[in-house]
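Subject: Handing over the structure

Hi there,

Here is the structure I promised to pass on to you.

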Amino acid sequence: MEIKVVRKVLSVNEKMAEENRRLFSQKGVYVINVMSSPGSGKTALLERTLADFSKKIPCAVIVGDICTTHDADRLARCGVPVSQINTDAFGGECHLAAHVVEKAAQEMDLAGIRLLFVENVGNLVCPAEFDIGEDSRVVVMSVTEGEDKPLKYPLMFRTCHAAVINKSDLLPHLDYDLDQARANILNIRPEMPVFTLSAKTGEGMTPWLEWLRARIEEKASGTTG
Amino acid sequence: MHEMGIAMEIIEIASQSIPEALKGAKVHSVRLKIGKLTAVVAESLRFCFDIVSRDTPLNGAVLCIEETPVVARCQECAGEWTLESPSFSCPACGSGKLMLISGRELDIEAIEIEDEDDAHANGGK
């Protein structure tokens, strides 16, 4: 005999994500989930972003580098609170789930924080499926990867609100077709803001920083008004 | 890559869904609806499910997976279409403002428990 169930398989995660979202909103924190394949430059992008923001906007970071503390160490040097998500030395987690973010957030003092970055595990597949209670998602791809990344990982690009094409300083040395890369992103999400920049040199950072600042202000006015 | 965790969630939800009167009955199958725009590989999920369902009421159950197509509705012209490739612009008016009405499902729909006669004996339907 058949017994009807009709439930979302990830309903536990979704419930936890909603709780995170409520908590972050209460505290007036804008949360951005930063995702990419390994080595696209998430940490470098955050370092460069924090260098500009951290003196003006109180920031914090949750880092999902599950095997080492390398990324957390780099970001802590930016002078902001950093919470490291720990599993074991061979941690095989392929994404951050909402309850993991909740635990990391509990361990930090979010009072007064306006911007919380969550640097997800380097992976273009699994993190796309897991809501962590963020306000926005950004996907970072770099010019040393194929232009076709968006077409190969449509769910990731479809669920993000902005895309960064990083390592633009390498363009003169590569056959990378920037127009094609942009077109592929827009094919998946036609209205996505795309920022081509170099986190290393700082070239092209301004539009990204402005976009981010506008989101933080939107959130702040939403919670106070 | 996260199919193991998803398999465990399925077992948790399915186990909770077995009525008290039928505890101990064999679960034949679990009916799932998985959208094409979901980061789940059916074969990996089946593999993981077979492993983690051992020593649970779901041991030996089969996953019946209905794959749902990616269907979008244009918010400008209200047209609806099925996406065969990942291109998210309206084929009629070219707008990129669209809503996905199917394709992101990851739902557990029903479980099938043995057997009809037992079920009648227990007053089930």
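Let me start with a pair of helices in chain A. Helix H1 (residues 11-26) of chain A packs against helix H4 (residues 98-106) of chain A at an angle of about 30°, and their axes lie 8 Å apart. Axes here are lines fitted to C-alpha atoms, for helices over the stretch in contact, and angles run from 0 to 180 degrees between N-to-C directions. The angle makes H1(A) roughly parallel to H4(A); angles under 35 degrees count as roughly parallel, over 145 as roughly antiparallel, 65 to 115 as roughly perpendicular and the rest as oblique. H1(A) passes H4(A) in a left-handed crossing (the near helix is turned anticlockwise from the far one by less than a right angle; clockwise would be right-handed). On the H1(A) side the contact is made by A:Asn13, A:Met16, A:Ala17 and A:Asn20, and on the H4(A) side by A:Ala98, A:His99, A:Val101, A:Glu102 and A:Ala105. Residues are in contact if their C-beta atoms, placed from the backbone, lie within 7 Å. By class, this contact of H1(A) with H4(A) has 5 nonpolar, 3 polar and 1 charged residues. Ala, Val, Leu, Ile, Met, Phe, Trp, Tyr, Cys and Pro count as nonpolar, Asp, Glu, Lys and Arg as charged, and the others, Gly among them, as polar.

A word on conventions before going on. This is a predicted model, in which local features need pLDDT of at least 70 and side-chain atom pairs count only at pLDDT 80 or more, while totals for chains, interfaces and linings use all residues. Residues are numbered from 1 along each chain as its sequence is written, and chains are lettered from A and ligands numbered from 1 in the order in which they are written.

Now for chain A as a whole. Chain A has 8 helices and 8 strands; helices (H or I, at least four residues) and strands (E, at least two) are DSSP runs, numbered from the N terminus. Its radius of gyration is 17 Å, close to the 17 Å that the globule rule gives for 225 residues, so chain A is as compact as a globular protein of that length. That radius is taken over C-alpha atoms, and the rule is 2.2 Å times the number of residues to the power 0.38. The C-alpha trace of chain A spans about 60 × 50 × 45 Å along its principal axes.

In chain A, 7 strands form an open sheet with parallel pairing, in the order E4-E3-E5-E2-E6-E7-E8. Strands pair if DSSP finds at least two bridges between them. Strand E4 (82-84) and strand E8 (194-196) of chain A are the edge strands, each pairing on one side only. From one strand to the next, the twist averages 20°. Within the sheet, strand E2 (residues 30-36) and strand E5 (residues 115-119) of chain A run parallel and are joined by 5 bridges. A:Asn33 has A:Val118 in E5(A) as its bridge partner.

Chain B looks like this. It has 3 helices and 6 strands, and follows the pattern α-β-α-β-β-β-β-β-α along the sequence. Along the principal axes, the C-alpha atoms of chain B fill a box of roughly 60 × 35 × 20 Å.

Chain B also has an open sheet, in which 3 strands are ordered E4-E3-E5 with antiparallel pairing. Strand E4 (80-83) and strand E5 (98-102) of chain B stand at the edges with a single partner strand each, so one side of each has no neighbour in the sheet. B:Arg73 has B:Glu80 in E4(B) as its bridge partner.

Finally, where do the chains meet? The contact takes 26 residues from chain A and 29 residues from chain B. E6(B) gives the most to the side of chain B that touches chain A, with 8 residues. Strand E1 (residues 2-8) of chain A pairs with E6(B) in the antiparallel sense over 5 bridges, and A:Lys8 stands opposite B:Asp107 in E6(B).

Enjoy exploring it!

Best wishes

Methods: Contact = placed C-beta atoms within 7 Å.
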